[in-house]
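Welcome to a short tour of one protein chain.

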Amino acid sequence: MNDNFHNKTPIVYVVAFAVIALLCVVSMGVWAREGDSGILHAAQQNVTKVLSPLSVVSQSASNTGNDVSRDAENSSASQDTLSSLKEQNAVLTAQVAKGEEYRQEAQRLQELLNLKDQYSIDGVSGHVIGRTTENWNQTITVDVGTNDGSFVGATVCASFGVIGQVTSVTDTTSVVRLLTDPQSGVAGMIQSSRATCVVKGSLDGLIVASNIPAGTNVSVGDIIITSGLGGSFTKGIIIGTVTKVTGNSQDGSLEATIKQADKNTYEEVIIVKSAGGDSSSGGGSN
């Protein structure tokens, strides 16, 4: 009986295969002849709907795998290049800062050159390398000295005009007492009226013109220049502009507050040997 069963089994498989093949051929024929609303088309659509979520999940998993792979590659690349990029950024930042310093210094030096040309100044320029902070002792130190032609009593200018006078020198440095110092004093002149005055500093950092002759008309905006009287300061260089007038012009009590640029805004100065063809050198400090 077992032998008969084994002998019949291949025949059953052949018949089953033939039936399935016939059904496929018939189904294909029906599929080709029926419309989109046919039974086989509807069955296909239902099967597609059932399998669609599985397809989406599979595609999502594939995309996620690709993203993870790309992120891993990018992370690896970032770690490899991060240090190099940081170094390049630091170098570029330093170069930009250095270039800006050069630009600003060139601008300041050009302004000094303009002042030098305006007043026909013969002098030597230097950098400010030190400043005092006490109100009663307002000085700066400049990196030029007797080796460069500096001398005690020399007038010192920034780009906006006179700022002080050399009070001591070494071979390579000069100490300059600023006009804002209470111990400072310079013979001045009101440019419009040619009236003389004495310009002094104060503890609060203001520069004030006093000893103005009675009857002199002084107005806000008037320019005060060095008069050259006494020989302490080179003649004819601007000191500043009047911003406030107090007192009575008739009794000689008139005083004028003078505005200069802030003393911390300049980094280079000119130590004046002579100006406007005047070859006389300054004497001692006031």
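## Cysteines

Let us begin with the cysteines: the count of disulfides comes to zero. That count rests on a cut-off, because a disulfide here is a pair of cysteine sulfur atoms within 2.5 Å. Please keep in mind that this is a predicted model.

Cys157 is buried, and its relative accessible area is 0%. Cys197 is buried too, with a value of 4%.

## The barrel

Next, look for the strands. Six of them form a closed barrel in the order β6-β7-β8-β11-β10-β9, and their pairing is antiparallel. From one strand to the next, the twist averages 40°.

Strand β7, residues 196–200, runs antiparallel to β8 and is joined to β8 by three bridges. Within this pairing, Val199 has Ala209 of β8 as its bridge partner. Strand β8 covers residues 207–210 and is in turn joined by three bridges to β11, residues 255–259, again in the antiparallel sense.

Now turn to the backbone angles. Most residues other than glycine have a negative phi. Which way does phi point at Ser120, positive or negative? Ser120 has a positive value, near 50°, and is not a glycine. Ser120 sits in the loop between α2 (39–118) and β1 (121–131), and is partly exposed at 47% relative accessibility.

Asn211 is another residue to look at: its phi is positive, about 55°, although Asn211 is not a glycine. You will find Asn211 in the loop between β8 and β9 (223–226). With a relative accessibility of 57%, Asn211 counts as exposed, because exposed means over 50%.

## Salt bridges

A search of the whole structure gives four salt bridges. One of them joins Glu100 to Arg103, with the closest N and O atoms 2.7 Å apart. Why are these two residues separated by about one helical turn? Glu100 and Arg103 are three residues apart in helix α2, so about one helical turn separates them. Glu100 is partly exposed at 32%, and Arg103 is partly exposed at 44%.

Glu267 lies in the loop between β11 and β12 (268–275) and Arg108 in helix α2, so the pair ties together parts that are 159 residues apart in sequence. Glu267 is partly exposed, with a relative accessible area of 39%, whereas Arg108 is buried at 14%. Arg108 also forms a salt bridge with Glu268, at 2.7 Å from N to O. This pair links distant parts of the chain, with Arg108 in helix α2 and Glu268 in strand β12, 160 residues apart. Glu268 is buried, at 5% relative accessible area. Through shared partners, the salt bridges join Arg108, Glu267 and Glu268 into one network.

Notes. Residues are numbered from 1 along each chain as its sequence is written. This is a predicted model: local features need pLDDT of at least 70, side-chain atom pairs count only at pLDDT 80 or more; totals for chains, interfaces and linings use all residues. Side-chain values use heavy atoms; hydrogens and water are left out. Two strands pair if DSSP finds at least two bridges between them. Helices (H or I, at least four residues) and strands (E, at least two) are DSSP runs, numbered from the N terminus. Axes are lines fitted to C-alpha atoms, for helices over the stretch in contact, and angles run from 0 to 180 degrees between N-to-C directions. Buried means under 20% relative accessible area, exposed over 50%, partly exposed in between (1.4 Å probe, protein chains only). A salt bridge is a side-chain nitrogen of Lys or Arg within 4 Å of a carboxyl oxygen of Asp or Glu.
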